[in-house]
Amino acid sequence: MNTHEELALARVALTWLAEPGTWSVYRLVDELGAVAALDLLLDGGAPQERLRDAVAARSRAGDARTVATEALARADRLGVRVVIPGDDEWPATVEHLRTLHLRDARRRVDQETAPPLCFWVRGQWPLAEAMDRSVAVIGARAATPYGTHIATELGYGLADRDWTVVSGGAFGIDAAAHRGALTGGGLTVAVLACGVDRSYPMGNAALFERIADTGLLVSEWPPGAEPLRPRFLIRNRVIAAGTRGTVLVEAAARSGATQTTRRAIALHRPAMVVPGPVTSAMSVGAHELLREERESRLVTGLAQVLEEVGRIGELAPVPRGPDRPTDLLDDEAGSIVEAMPRRGRIGVDDLAARAGLPVRTVLRKMSMLEELTLVVRRDDGYALVVPTHRP
């Protein structure tokens, strides 16, 4: 039986030979185990021509086992650990990617959506524990002040309610959500498309250090790996699968954030969208997703997000205006108050006529309205104490 070290090294080497998410590699590992799958690929026995070509091309750049050994040694020096299936901190929810099937999947990034083979983790929290009660808050890099405000408020509110905030560490909405969670004293996880020792974008370097100190930086790529463009799309499936639900705050017409949200929908996770101004280019993608995906839900704040992702009992209050003294009146009493003149006094007979009620009923209800200090009795009739506003 292979040791944990051998299994980890094989999975790291396999991820280097073929980009994360490659179904053919994942199925080989499922069938043969990681060590045997690596042996087969390095011997030229890949079952698909495209995979054989990829392995051959990558092998010309170095020996996979040597590369993996060096990556693990570098990680150890940096205080970074590798996590693989079977470890106590492996997040089981990412295995739900086995069931992910996207409609109209023409691009390779939409087809190669297999579960991860390993994670590189920087930070002290156990990964599974951090992801167990988590919500993804994602959106546009070129965020508007409106979107930044919403993302910050959501990040803070979720952290305050002991939810982990997960995002991608990018400028804009991602960074605002991370900062909101940190300000709220909560846990936040950045899922990166490069090595966890690299600050990309550089402008978020200080933010990544704060996250590493109190939360987690996570990646499928080893320390030192570059943030290549396709990797951002590859990592999005992890954000969707690893969390209880995804909140899309802002997204332009062509946005990777909408891709993450569609993956959450395909995985039957709550997919929530914050509406924006119809004149904002940064909300076009969000609004289109609401129109196209019946499973998506419009949310306008923390309470509604918690209702979607929380267990039974976390229901958002129904929005309503401020309480008014007349809210608890029955129909007859309400009709009498509405019939009262806004100024001056009115006699019982005239009031009964205006309200369309018997005089006896009006007299009975006026006693109650006096007790509620809504009306006051005068020598020549009744007057309102606190005028009520008509709808």
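Ser296 is buried, with a relative accessible area of 9%. Buried means under 20% relative accessible area, using a 1.4 Å probe and protein chains only. This is a predicted model, where local features need pLDDT of at least 70, side-chain atom pairs count only at pLDDT 80 or more, and totals for chains, interfaces and linings use all residues. Residues are numbered from 1 along each chain as its sequence is written, and side-chain values use heavy atoms, leaving out hydrogens and water.

Where is Ser296? In the loop between helix 13 (284-292) and strand 9 (297-298). Helices (H or I, at least four residues) and strands (E, at least two) are DSSP runs, numbered from the N terminus.

What does Ser296 contact, leaving aside neighbours within four places in sequence? Ile265, Ala271, Val273, Leu289 and Leu290. Contact means heavy atoms within 4.5 Å.

Ile265 takes us to helix 12. Ile265 is one of the buried residues of that helix. Helix 12 covers residues 256-266, and eight of its 11 residues are buried. What covers them includes strand 8 (271-273) and helix 13. After helix 12 comes His268, with a positive phi near 65°.

Now the largest pocket. Helix 12 gives the most to its lining, with nine residues.

Terms used
Buried < 20%, exposed > 50% of the residue type's maximum accessible area, 1.4 Å probe, protein only.
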